[in-house]
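Subject: Structure for you to look at

Hi,

Here is the structure I promised to pass on. Have a look at it first, and then read on for what turned up.

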Amino acid sequence: MVNKLYLVTPRGFCAGVEMAIKALHWLIKIYDETIYCYHEIVHNKWIVKEFENNNVIFVEDPSEIPAGSIVMLSAHGTAPDVEKQFNNISSLTINSVCPLVTKVHHEAKNFSKENTQIIYVGHKNHDEAKGALGVAPENMHLVENIEDVEKLKIGEDVALLAQTTLAKSEWEPIMEYSKNKYNKLKMPRKSDLCYATTNRQDAILEILPKVESVLVVGSENSSNTKALVNMVQNKGIKAYRVDNVEDLDGISLNGNIAITAGASAPDHIVYEIIDKINPINLEYFELKEEVEYFPLPQQLRRNIKLISNFLKNFNESISKPEAKLGISNDKDWTATEALNSL
Ligand code: SF4
């Protein structure tokens with residue numbers, strides 16, 4: 001029996017996930033054709049299924065799309081060479097990369113231009129790492145741990161970058177080791193670890209002394225979800241990753257627990273899980289409010305505006321009254337509402 005369940009904030013959708021979901025929603029609404037999405041739009045089983053049920057096909061390679069298709073590139077970022085291939089085959093490619101991933105791509109490009117060798121700390125085969133490494137494949141070296149850095153023989157002019165969704169506990173030891181190994185190690189002024197990943201970890205760390213176990217809602221391939229689970233387990237506290245309410249079967253929860261969610265996990269799943277657990281007490285714990293907002297991809301905004309202006313000119317009556325939730329009010333509605341309106 002769970003005595004107290006702490007519902008932790010911030011949890012769930014970050015600004016990048018919000019933007020990518022809303023962007024894909026708009027493509028579905030505007031175009032009749034099947035939309036092809038490179039990689040899962042965000043790493044969440046439920047969301048991927050929802051989009052699949054609404055005429056989206058997820059692909060892993062440009063060769064999988066028919067010529068003239070409409071394509072969306074996922075939030076995790078796409079290697080420039082792959083984006084070019086999609087551009088050549090598609091009639092329209094919209095890139096919904098998170099701006100914080102774009103920041104890392106820019107850094108990689110700039111260091112590479114200076115001929116600096118780049119150590120990229122990330123998870124092999126993760127979509128974000130694959131995209132980032134594609135920015136400067138000849139100069140970038142993927143490392144997952146200190147041993148990988150130890151083995152590198154790449155001269156002295158070295159920079160250190162990171163996948164945005166690493167746990168601080170994964171990143172910090174590698175950073176310290178690299179600083180010692182390379183006296184003149186170059187690093188970005190602002191950390192590559194994103195605000196959402198860090199905030200979710202900080203919030204759970206704060207509540208940890210009060211609980212016996214932690215539930216982390218999120219899918220298996222969600223890097224920041226796994227980072228949360230690992231971080232809690234490294235502190236000696238039980239942590240369970242659950243994708244949905246069925247995953248609770250076989251998990252024994254007692255005493256005081258906390259629940260959080262990775263950046264791509266929908267909040268309705270968190271509430272379904274809380275309902276199933278049915279704790280004696282539910283307490284809200286908010287570490288901080290997140291106010292970050294990322295606008296929709298520029299090209300998508302431009303296309304929606306063009307269509308909207310065309311319709312207004314075509315039929316004056318359509319422009320009155322102004323739609324409450326449109327492209328110019330994007331900030332006022334959420335990815336959850338977008339998903340509900342599919
Ligand atoms: S987790 Fe961070 S980097 Fe990834 S989409 Fe969200 S805000 Fe962007």
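Before the domains come up, one definition: the domain bounds used here come from an automatic or database domain assignment. Also keep in mind that this is a predicted model.

**Domains**

The protein is divided into domain 1 (2-13 + 195-286) and domain 2 (99-181). Between the C-alpha centres of domain 1 and domain 2 there are 29 Å. Where the two touch, domain 1 puts in nine residues and domain 2 puts in 10 residues. On the domain 1 side, α8 (195-207) and α9 (223-234) supply at least two residues each, and the largest share, six residues, comes from α9. Sorted by class, that side of domain 1 has two nonpolar residues, seven polar ones and no charged ones.

In soluble globular proteins, nonpolar side chains tend to be buried together. Here the largest nonpolar core has 91 residues, and Ala23, Leu24, Ile41 and Met72 are those with the most contacts inside it. Helix α1 (residues 15-30) gives the largest share of this core, 10 residues. Both domain 1 (2-13 + 195-286) and domain 2 (99-181) contribute at least three residues each to this core.

Setting aside residues up to four places away in sequence, Leu24 touches Cys37, Ile41, Phe51, Val56, Met72 and Ser96.

Helix α4 (residues 99-113) has 15 residues. From its first C-alpha to its last, α4 reaches 21 Å, close to the 21 Å expected at 1.5 Å a residue. Its buried residues are Leu100, Val101, Val104, His105, Glu107, Ala108 and Phe111. They sit on the same side of α4, because they cover an arc of only 160° around the axis. The face turned away from that buried side carries the exposed residues His106 and Lys113. And what covers the buried residues of α4? The cover includes α1, β6 (117-121), α5 (127-133), β7 (140-143) and β8 (158-162). Just after α4, Asn115 takes a positive phi of about 65°.

Helix α7 (residues 168-181) has 14 residues and reaches 20 Å from its first C-alpha to its last, close to the 20 Å expected at 1.5 Å a residue. In α7, the buried residues are Glu170, Trp171, Ile174 and Ser178. Seen down the axis, these fall within an arc of 80°, so they line one face of α7. An α-helix has 3.6 residues a turn, so residues three or four places apart point the same way. Turned away from the buried side of α7 are the exposed residues Glu172, Glu176 and Asn180. The buried residues of α7 pack against β6, β7, α6 (146-151), β8 and α9.

**A glycine in a loop**

Gly134 lies in the loop between α5 and β7. Ser91 is 43 residues from Gly134 along the chain, and the C-alpha atoms of Ser91 and Gly134 are separated by 23 Å.

Most residues other than glycine have a negative phi, and most peptide bonds are trans. A few spots here go the other way:

- Thr9 and Pro10 are joined by a cis peptide bond, with omega about 0°. Pro10 is in the loop between β1 (2-9) and α1.
- Asn125 has a positive phi, near 75°, and is placed in the loop between β6 and α5. Asn125 is exposed, because it has 9 other C-beta atoms within 10 Å and the limit for exposed is 12 or fewer.
- Asn278 also has a positive phi, near 50°, and is found in the loop between α10 (267-277) and β12 (281-286). With 10 C-beta neighbours inside 10 Å, Asn278 counts as exposed.

Happy browsing!

Terms used. Residues numbered from 1 in each chain as written. Predicted model: local features only at pLDDT ≥ 70, side-chain atom pairs only at ≥ 80, totals over all residues. Core = buried A, V, L, I, M, F, W, Y, C linked by C-beta atoms within 7 Å. Buried ≥ 20, exposed ≤ 12 C-beta atoms within 10 Å, placed from the backbone. Helix = DSSP H or I, 4+ residues; strand = E, 2+ residues; numbered from the N terminus. Contact = placed C-beta atoms within 7 Å. Expected span 1.5 Å × (residues − 1). Arc of directions from axis to C-beta. Nonpolar A, V, L, I, M, F, W, Y, C, P; charged D, E, K, R; others polar.
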